[in-house]
Amino acid sequence: MTVPRQKLLQETLDFTDSDLKANRSGKLSQYQKDWLRELERPKLSWLSIGAIVGIIALVLPLLINNLFDAGIVIVMIGFIPFMLLLGLSAIKWLEEMILFSLDISRGEVESDTGIIWLSDKSHNKQDDEYYLHIGVDGDLLHIDRATYDILQNKMALTVYYTPRTKIIVAVERLDADTSKLILKDELKYLDYAEAQLKVKHK
C-alpha cells in the first residue's frame, strides 16, 4: 500500500510504482533511462557550442593579424586565458558525458535509507542550489526547488540515485514506526558524535 504523501513525491520527481519496483532491484527502468538521455542532450548542445567558439577563438587572431598587420603575440595573449578556461570547461563537460553514458548503459541504481537533512545554498530565487543529505554519513545529492519544497528535515526515506552522476530517480517514504526507529538511532549517534567532539576540544 502506498504510504501517505508517497504519491505526491512520485508526481514531483516523475516516477511510477513500476519505476520504483525496478529501482528496488538496483536497476533503472526504461522510462528513467530515456529521461536521463533527455537530461544529457542540453549538455551535448553546450559542448557543441563550446567547440564552435573554440575554433573561432583559434582562427580569429590569425585573421586579425592578416587584415590589420597586428602583432600576433599581442593578440594571442588575450585569447590564451580564454582558451584555457574553455578547455577546462570542455574537459568537465566531457567527463559528465562519460558518466551520464555509463549510468544509462549499465542501468544501475544505488540506494540509501535514513533520515534526510535539507540544505538551501541558493543566494536568490534564480539559483538552484538545494541539497539532500541522507543519514549521518550518506551522500549529498542535488535536488530541485519543487522537491525541496515537499520534503522535510528528519523525514525517513529510501533514496534511489544513479551511482556516478548522483541524480535522484526515485524516493520511497518509510512507514511511521520505521521512521521513529531510524530517527532515534541517528539522533543517538549524533549526540554521541557531538559529545566526542566536545571531549576532543577540551
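A pocket is an open set of points on a 1 Å grid over the protein atoms alone, with protein on both sides within 12 Å along at least five of seven lines, and its lining residues have an atom within 4 Å of a point. The model toured here is predicted, so local features need pLDDT of at least 70 and side-chain atom pairs count only at pLDDT 80 or more, whereas totals for chains, interfaces and linings use all residues. Residues are numbered from 1 along each chain as its sequence is written, and side-chain values use heavy atoms, with hydrogens and water left out.

**The largest pocket**

Select Trp35, His142, Ile143, Asp144 and Ile167 to begin. Of the 17 residues that line the largest pocket, these lie nearest its centre. The pocket holds about 430 Å³ of space, a volume being the space filled by probe spheres set on grid points that are joined across faces, edges and corners.

Next, colour by secondary structure; helices (H or I, at least four residues) and strands (E, at least two) are DSSP runs, numbered from the N terminus. Helix H1 (6-13), helix H3 (30-68) and strand S3 (140-143) each give at least two residues to the lining of the largest pocket. H3 has the largest share, with 3 residues. Sorted by class, this lining comprises 8 nonpolar, 3 polar and 6 charged residues. Here Ala, Val, Leu, Ile, Met, Phe, Trp, Tyr, Cys and Pro count as nonpolar, Asp, Glu, Lys and Arg as charged, and the others, Gly among them, as polar.

**The cavity**

Now select Leu13, Asp14, Tyr31, Gln32, Trp35 and Val169, which line the largest cavity. A cavity is a set of grid points where a 1.4 Å probe fits but cannot get out. The count comes to 1 cavity of 30 Å³ or more, and the volume of the largest is about 40 Å³. H3 again supplies the largest share of the lining, 3 residues. The classes here are 4 nonpolar, 1 polar and 1 charged.

**Salt bridges**

The whole structure contains 6 salt bridges, each a side-chain nitrogen of Lys or Arg within 4 Å of a carboxyl oxygen of Asp or Glu. Select Arg24 and Glu172, whose side chains form one of them at 2.4 Å, N to O. Arg24 belongs to helix H2 (residues 17-24) and Glu172 to strand S5 (residues 168-173), so this pair ties together parts 148 residues apart in sequence. Glu172 is buried at 17% relative accessibility; buried means under 20% relative accessible area, exposed over 50%, and partly exposed in between (1.4 Å probe, protein chains only).

Move to Arg37 and Asp34, which meet in a salt bridge of 3.0 Å, N to O. Both residues lie in H3, 3 residues apart, about one turn of the helix. Arg37 is partly exposed at 36%, as is Asp34 at 37%.

Then select Glu108 and Arg164, where the closest N and O atoms of the salt bridge are 3.2 Å apart. This pair links distant parts of the chain, 56 residues apart: Glu108 is in the loop between helix H4 (72-106) and strand S1 (110-120), and Arg164 in the loop between strand S4 (156-161) and S5.

**Ser29**

Finish at Ser29, in the loop between H2 and H3. Ser29 is buried, with a relative accessible area of 9%. Its side chain makes a polar contact of 2.6 Å with that of Asp19. A polar contact is a pair of N or O atoms within 3.5 Å; within protein, one must be able to donate a hydrogen and the other to accept it, and residues adjacent in sequence count only if both atoms are side-chain atoms. Leaving aside neighbours within four places in sequence, Ser29 is in contact (heavy atoms within 4.5 Å) with Asp19, Ala22 and Asn23.
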